[in-house]
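Please look at the sequence and the structure shown below, and follow the report that comes after them with both at hand.

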Amino acid sequence: MTILLDKRHVDLKTLCADDSRPGLASLHVTPRYIEASNGHVLIRVPLATEENEFPVDPKTVGEEVPEAGILVSPASLEKALKNSCKQLPKVHVSQTDGNPILQATDLETAVTIKGKNNGAQYPNANQCIPQNVPYSVSVDAHKLKLIVDWACKHAEGTEGIACLRFHISSPTGTVLIEMP
């Protein structure tokens, strides 16, 4: 399966700011998702599963990314995307011996960026993702941002930590958000 990443995946770099923890300073890319974490917040974004045609340089393309995933430097992904064109603003991801290979094209020239696995491992994020979720709630991100911005502005307590508590009464009920 072809893994293609784009600008929205680069934006996950805001969570990869902890250089003291090499496993968290990178994006974790698997055939099914890309994830980023700063040790407190985890974002997992599903990747498209359909087969995609992407013009790669057969001399430098690597093997498919294994199910366990690989670590990709946000800076390398950003650099590769800068070499893509408006018609195809994506980066192809493959690997050799766990080292990422990123390829972009401007439709005339393929640019290959080879990363190096620094030996770091990404934490097992499945340990902190709830498996048996009785209820799920869909929230308009723009409206949630209004609430979060307000809570951050008016945070009280230790070091300005803005804690929000979500109360869900039923799968179709309302959600009460309180700031304790």
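Leaving aside residues up to four places away in sequence, Val-93 touches Ile-3, Leu-5, Val-29, Val-65, Ile-70, Ile-101 and Leu-102, where contact means heavy atoms within 4.5 Å. Val-93 counts as buried because its relative accessibility is 3%; buried means under 20% relative accessible area, exposed means over 50%, and partly exposed lies in between, with a 1.4 Å probe and protein chains only. The C-alpha atom of Val-93 is separated by 17 Å from that of Asp-11, and these two residues stand 82 residues apart along the chain.

This is a predicted model, in which local features need pLDDT of at least 70 and side-chain atom pairs count only at pLDDT 80 or more, while totals for chains, interfaces and linings use all residues. Residues are numbered from 1 along each chain as its sequence is written, and side-chain values use heavy atoms, with hydrogens and water left out.

**The sheet that holds Val-93**

Val-93 lies in strand β6; helices (H or I, at least four residues) and strands (E, at least two) are DSSP runs, numbered from the N terminus. Strand β6, residues 91-96, pairs with strand β7, residues 99-105, in the antiparallel sense over 5 bridges, and the bridge partner of Val-93 in β7 is Leu-102. Two strands pair if DSSP finds at least two bridges between them. Strands of a sheet pair through backbone hydrogen bonds, either parallel or antiparallel.

The open sheet here is formed by 4 strands in the order β1-β6-β7-β8, with antiparallel pairing. Its edge strands are β1 (3-5) and β8 (110-114), each of which pairs on one side only. Direction ignored, neighbouring strands of this sheet are turned by 35° against each other on average. Helix α2, residues 74-82, lies across β1, β6, β7 and β8 and runs at about 20° to β7; axes are lines fitted to C-alpha atoms, for helices over the stretch in contact, and angles run from 0 to 180 degrees between N-to-C directions.

**Another open sheet and a hairpin**

An open sheet of 4 strands, also with antiparallel pairing, has the order β4-β3-β2-β5. Strands β4 (42-46) and β5 (70-72) stand at its edges, each with a single partner strand, so one side of each is left without a neighbour in the sheet. The twist averages 25° from one strand to the next. Strand β2, residues 27-29, pairs with β5 in the antiparallel sense over 3 bridges, and His-28 stands opposite Leu-71 in β5.

A hairpin of 6 residues joins β9 to β10, and Phe-166 stands opposite Ile-177 in β10.

**Charged side chains**

Side chains of opposite charge can pair when their charged atoms come close. A search of the whole structure finds 8 salt bridges, a salt bridge being a side-chain nitrogen of Lys or Arg within 4 Å of a carboxyl oxygen of Asp or Glu. The table includes three of them.

| Salt bridge | N to O distance |
|---|---|
| Lys-90 and Asp-6 | 3.5 Å |
| Lys-7 and Asp-11 | 2.7 Å |
| Glu-178 and Arg-165 | 3.1 Å |

Lys-90 is partly exposed, with a relative accessible area of 29%, whereas Asp-6 is buried at 13%.

Glu-178 counts as partly exposed at 30% relative accessibility, and Arg-165 is partly exposed at 39%. Salt bridges that share partners also join Asp-6, Arg-8 and Lys-90 into one network.
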